[in-house]
Amino acid sequence: MNPFWSMSTNAGRKRSDGEEQGGPGEQRSSPARPPFGKKQLPSIPKNAAPITKAASPASSTQSANGTHASYGPFYLEYSLLAEFTLVIKQKLPGIYVQPSYRSALMWFGVIFIRHGLYQDGVFKFTVYIPDNYPDGDCPRVVFDTPVFHPLVDPVSGELDVRRAFTKWRRNHNHIWQVLMYARTIFYKINTMDPLNPEAAVLYDKDIQLFKSKVVDSVKLCNSHLFDQPKIDDPYAIRQVQHSDVVLWSFPPQL
C-alpha cells in the first residue's frame, strides 16, 4: 500500500463543458505499486520534532492561539493530510498534484493549459510548504522550467504567490487556493510589480511580440517534459514517449 496519501485531482478527466480536455495522445501510465505495509503518513523533517523543553511565554501564547507548536509533527502531518484531501474535493481543472515520497512538505504538480495565450502549455512545478505550516508564510510554487510571464521569475522559475496571499491565514487560506492561483495567472495576466519586467512591458506595449515570446516559452517548457525530474523522488511526475504516443507516468494511487 502506498505510504502516502496518494490521490490526484484527476486533471485529465472529461468535463461536461469541454474545458481542460486532454489531447488524443495523452494517456496515464502508473508504475506498479511498491509492496509496502499498512498505510502511513509522510515523514516530516527533523527540524519539526516535538517540543520537549519547557515552553517560553511566546510559545505558550502560540499554543493559546491554537497553533501547532505544542503538537509537534503530528499536527503538521494531519494538517497536510487535510489540505491534500481538500485539493481532491475541489477537483481543480487541469491540475494534478502529488506529495513527495520523501517529505510531505514538498508536492509535485503539473498544469495543463487548454486555451488562451498559453494554450497547449504543460507546466511542471513543485510546491514547497513551510515546516511550521499552517502558521508560517504561504507555500511557494516553483516551475521546473521558468515560464515567460510577468509574475514568474525568469531565472528561478518561482511564481509570485505572495501578491495573492500577502498574509497566510490558517483555516482561511488553503493550498488548493494556491494551486488555483497558479493556474489562473495563465488566463488573467497581471503586470503590476512584475518579477519579469520584460514580460510586463511587452504585454502592455507590444502584445504581438509578447505572444511570440509566450509561444517560444511554451515550446521550451514542453521540450523539457521528457527530462528526468530535477529532484530524485519516486513520486516525481514523469513523461515518457513510445512511438507517437505520449504516456504520463503518475505515482500509484490508493
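**Note on the predicted model**

1. Asn173 sits in the loop that connects strand S5 (140-143) with helix H3 (175-184). The structure is a predicted model, and the points below should be read with that in mind.

2. Is Asn173 buried or exposed? The relative accessible area of Asn173 is 9%. Buried means under 20%, so Asn173 counts as buried.

3. Which residues surround this loop position? Leaving aside residues up to four places away in sequence, Asn173 touches Glu83, Tyr133, Phe165, Lys167 and Trp168.

4. Two packed helices are described by the angle between their axes and the distance between the axes. For helix H4 (residues 197-205) and helix H5 (residues 207-223), the axes come within 6 Å and cross at roughly 135°. H4 is therefore oblique to H5.

5. The residues that H4 brings to this contact are Glu198, Ala199, Leu202, Tyr203 and Lys205. On the H5 side they meet Ile207, Leu209, Phe210 and Lys213. Sorted by class, the contact of H4 with H5 contains six nonpolar residues and three charged ones, with no polar residues.

6. How many disulfides does a search of the whole structure find? The search finds zero. A disulfide is a covalent bond between the sulfur atoms of two cysteines.

7. Two cysteines can be checked for burial. Cys138 has a relative accessible area of 6% and is buried. Cys221 is also buried, at 4% relative accessibility.

How values were computed: Residues are numbered from 1 along each chain as its sequence is written. This is a predicted model: local features need pLDDT of at least 70, side-chain atom pairs count only at pLDDT 80 or more; totals for chains, interfaces and linings use all residues. Side-chain values use heavy atoms; hydrogens and water are left out. Axes are lines fitted to C-alpha atoms, for helices over the stretch in contact, and angles run from 0 to 180 degrees between N-to-C directions. Helices (H or I, at least four residues) and strands (E, at least two) are DSSP runs, numbered from the N terminus. Angles under 35 degrees count as roughly parallel, over 145 as roughly antiparallel, 65 to 115 as roughly perpendicular and the rest as oblique. Contact means heavy atoms within 4.5 Å. Ala, Val, Leu, Ile, Met, Phe, Trp, Tyr, Cys and Pro count as nonpolar, Asp, Glu, Lys and Arg as charged, and the others, Gly among them, as polar. A disulfide is a pair of cysteine sulfur atoms within 2.5 Å. Buried means under 20% relative accessible area, exposed over 50%, partly exposed in between (1.4 Å probe, protein chains only).
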